[in-house]
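Q: I would like to learn how to read a structure feature by feature, with the sequence and the coordinates open beside me. Could we go through the burial, the rings, the strands and the polar contacts in turn?

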Amino acid sequence: GASGAEGIQRVTVRLADPADESEAIYSVRLVFSEPEDVGEGARVFDVALQGNTVLTGFDIRAVAGGVRTTVTRTFAGVKAGVELRVDLTSSAGSKRGPILCGLECVAE
């Protein structure tokens, strides 16, 4: 099985002390899995890191080829200061809300 936050629209992760005004470059790994027995197109969404869209029309079921199968996407070169922001936005016609099962942020 898989667990995750379903219907989530934004995740904010504190990376540094608010007094630290410097920015750093990170690799961000996002983990997804479709926990429900749904067909392709049931859960489709966009993902943005720091306001920059990195996945458009992402359909976990279609990419994974099945349900309860983990899909990982890694994005290098993400610039962030105090916080990392991940936005998940349902695509038009999506029957289910976005889902995020894991997030890892590592300084490059």
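Q: Is F32 buried or exposed, and what is its relative accessible area?
A: Keep in mind from the outset that this is a predicted model. A residue counts as buried when its relative accessible area is under 20%. F32 has a relative accessible area of 0%, and therefore F32 is buried.

Q: Which residues touch the most other members of the largest nonpolar core?
A: That core holds 21 residues, and those that touch the most other members are L30, F32, V47 and L88. Two or more residues each come from β3 (24-32), β4 (44-49), β5 (52-59), β6 (71-80), β7 (83-90) and β8 (99-100).

Q: Which residues does L88 touch, not counting residues up to four places away in sequence?
A: With those sequence neighbours, up to four places away, not counted, L88 touches I8, Q9, F32, F45, D46, V47, P98, I99 and L100.

Q: Why does the pair of F32 and F58 count as tilted?
A: The planes of the two rings stand at 55°, with the ring centres 4.8 Å apart, so the pair of F32 and F58 is tilted. Here too the pair links distant parts of the chain, with F32 in strand β3 and F58 in strand β5, 26 residues apart. F58 is buried, because its relative accessible area is 5%. Taken together, ring pairs link F32, F45 and F58 into a cluster.

Q: In what order do the four strands of the open sheet run, and which are the edge strands?
A: Strands of a sheet pair through backbone hydrogen bonds, either parallel or antiparallel. In this model, four strands form an open sheet in the order β2-β7-β4-β5, and the pairing is antiparallel. The edge strands are β2 (10-14) and β5, each of which pairs on one side only. From one strand to the next, the twist averages 15°.

Q: How many bridges join β4 to β7, and which residue stands opposite F45?
A: Five bridges join β4 to β7 in the antiparallel sense, and F45 stands opposite S90 in β7. β4 is also joined to β5 by five bridges, again antiparallel, with A48 opposite T53 in β5. These two strands, β4 and β5, form a hairpin with two residues between them, and Q50 in the turn has a positive phi of about 55°. As for burial, β4 is mostly covered, with five of its six residues buried. On the β2 side of the sheet, β2 and β7 pair over five bridges, antiparallel as well, and V13 stands opposite L84 in β7.

Q: Is D87 buried or exposed, and which side chains make polar contacts with D87?
A: D87 lies in strand β7, and D87 counts as buried because its relative accessibility is 11%. The side chain of D87 is joined to that of R10 by a polar contact of 2.6 Å, and the side chain of D87 also makes a polar contact with that of R85 at 2.7 Å. Leaving aside neighbours within four places in sequence, D87 is in contact with Q9, R10, D46, V47 and A48.

Q: Where does E34 lie, and what does the side chain of E34 contact?
A: E34 lies in the loop between β3 and β4, and, with a relative accessible area of 1%, E34 is buried. The side chain of E34 makes a polar contact of 2.6 Å with the side chain of R43, while a polar atom of the E34 side chain lies 3.1 Å from the backbone nitrogen of E36. Not counting residues up to four places away in sequence, E34 touches R43, I60, V67 and R68.

Notes: Residues are numbered from 1 along each chain as its sequence is written. This is a predicted model: local features need pLDDT of at least 70, side-chain atom pairs count only at pLDDT 80 or more; totals for chains, interfaces and linings use all residues. Side-chain values use heavy atoms; hydrogens and water are left out. A nonpolar core is a set of buried Ala, Val, Leu, Ile, Met, Phe, Trp, Tyr and Cys residues joined through side-chain atoms within 4.5 Å. Buried means under 20% relative accessible area, exposed over 50%, partly exposed in between (1.4 Å probe, protein chains only). Contact means heavy atoms within 4.5 Å. A polar contact is a pair of N or O atoms within 3.5 Å; within protein, one must be able to donate a hydrogen and the other to accept it, and residues adjacent in sequence count only if both atoms are side-chain atoms. Rings of Phe, Tyr and Trp (its six-membered ring) pair if their centres lie within 6.5 Å; planes under 30 degrees apart count as stacked, over 60 as edge-to-face and the rest as tilted. Two strands pair if DSSP finds at least two bridges between them. Axes are lines fitted to C-alpha atoms, for helices over the stretch in contact, and angles run from 0 to 180 degrees between N-to-C directions.
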